[in-house]
Amino acid sequence: MSKFWSPVVGRLSPYVAGEQPRIDNLLKLNTNENPYGPSPKAIGAMQAAIADSLRLYPDPAALALRQAIARLHGVAADEVFVGNGSDEVLAHAFVALLKQDEPLLYPDITYSFYPTYCRLFDIEAEEIPLKDDFTVDPADYRRRCGAIILPNPNAPTGIGLPLSQIEALVAGHPDRPVVLDEAYIDFGGESAIPLTRTYPNLLVIHTLSKSRSLAGLRVGFAIGQRPLIEALERVKDSFNSYPVDRIAQAGATAAIEDRDWFDTTRNKVMESRERVSGVLRQHGFEVLPSQANFVFARHPDHDGAALAKTLRERAILVRHFARPRIADFLRITIGTPAECDRLIAALDEIV
Ligand SMILES: *Cc1c(COP(=O)(O)O)cnc(C)c1O
């Protein structure tokens, strides 16, 4: 606290990212990064973009990137918004769409950036408890509200909602914006992007950080009908006109266009996830059914924080949340088969 701070700064509750320490032989399974690396074509495109043209500002509208995303998802380029990571796209959505006269709804256990943005932007929120099995029940969202945001699959549970239930939720609030954060949808879920054709209140947000292995590049996007996209554009152009740099626009465009790399790597992640889930269950863990690139698991005989600490002593990082209801769980990112083997070998010894 300092007398120089704007008053709001003292009231913030900043997001705490998973740690990125320097440890020898570190196995990082704590921030849901993709173990396979980005498309070689994306790397080539970025190398080519490192040129004299960097003295020029990037295209503020990132048109080539938006056109590539539009082609992939069968929408118009002006129905696509891109930003500096989906966290930035989300932040703009909170300002542009989710700040209404009635409370914003989201699950009690969810991506912890949502309450952080509510503090920053002074948005009243109501947390809707997940069911005892950690699923979202759309019926719980049938109440007065200003707007809804939901990750699908949810984080950190990894549990996805079927599209029919998403559609019922969106259709049930025709006069309220509904934002779906599909950061993990490419690992086995069914995207709601096609529903944006029918529902003018639906905005779907994706990231290139997880399924396209570009967490370091910071690119995310949103798809929706023009009025929603226009709201994001108005906020963006009141904040930063050039959020996606030249290198990122080149790399992200090539990554979106490389379907083969995308399919090969995400399939490998999904195969490993099923194997790791099975082995953890054999070891007595309860593993929630994941549609993401991580599993969320607890062991009846082991305290979550202690287990995370023991793994850390073996240079294996997993994510633990010291929060009600989930304090016994570990969120474990799916690595390569060899990395999964190392995790399993460590757990063999510990549990
Ligand atoms: C990782 C993640 C994001 C943020 O992704 P970036 O594009 O890297 O900012 C957004 N939402 C959820 C639920 C995530 O897990």
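## Holding the ligand

A polar side-chain atom of Arg 218 sits 2.7 Å from an oxygen atom of the ligand. Keep in mind that you're looking at a predicted model. How much of the ligand's accessible area does the protein cover? On its own the ligand has 390 Å² of it, and the protein covers 93%.

## Who else is around

Where does the ligand sit? You'll find it in the largest pocket. The residues surrounding the ligand are Gly 85, Ser 86, Asp 87, Leu 90, Tyr 111, Asp 181, Ala 183, Tyr 184, Thr 207, Ser 209, Lys 210 and Arg 218.

Which element gives the largest share of the shell? That's helix α4, which covers residues 85-98 and supplies four residues.

## The whole protein

Now zoom out. The protein has eleven helices and twelve strands. Along its principal axes, the C-alpha trace spans about 55 × 50 × 50 Å.

Most peptide bonds are trans, and most residues other than glycine have a negative phi. Here are some places that go the other way.

Take the loop between β5 (147-151) and α6 (163-171), which is where Pro 153 lies. The peptide bond joining Asn 152 to Pro 153 is cis, with omega at about -10 degrees. Pro 156 is also found in the loop between β5 and α6. A cis peptide bond links Ala 155 to Pro 156, and its omega is about 5 degrees.

What about phi? Asp 122 isn't a glycine, yet its phi is positive, near 60 degrees. Look for Asp 122 in the loop between α5 (113-121) and β4 (125-128).

Key
Residues numbered from 1 in each chain as written. Predicted model: local features only at pLDDT ≥ 70, side-chain atom pairs only at ≥ 80, totals over all residues. Heavy atoms only, no water. Near = heavy atom within 4 Å. Polar contact = N/O pair within 3.5 Å; in protein donor to acceptor, adjacent residues only side chain to side chain. Areas by Shrake-Rupley, 256 points an atom, 1.4 Å probe, with all protein chains shown as cover. 1 Å grid on protein atoms, 1.4 Å probe; cavity = no way out; pocket = protein on both sides within 12 Å on 5 of 7 lines; lining within 4 Å. Sits in = over half its atoms within 2 Å of the grid points. Helix = DSSP H or I, 4+ residues; strand = E, 2+ residues; numbered from the N terminus.
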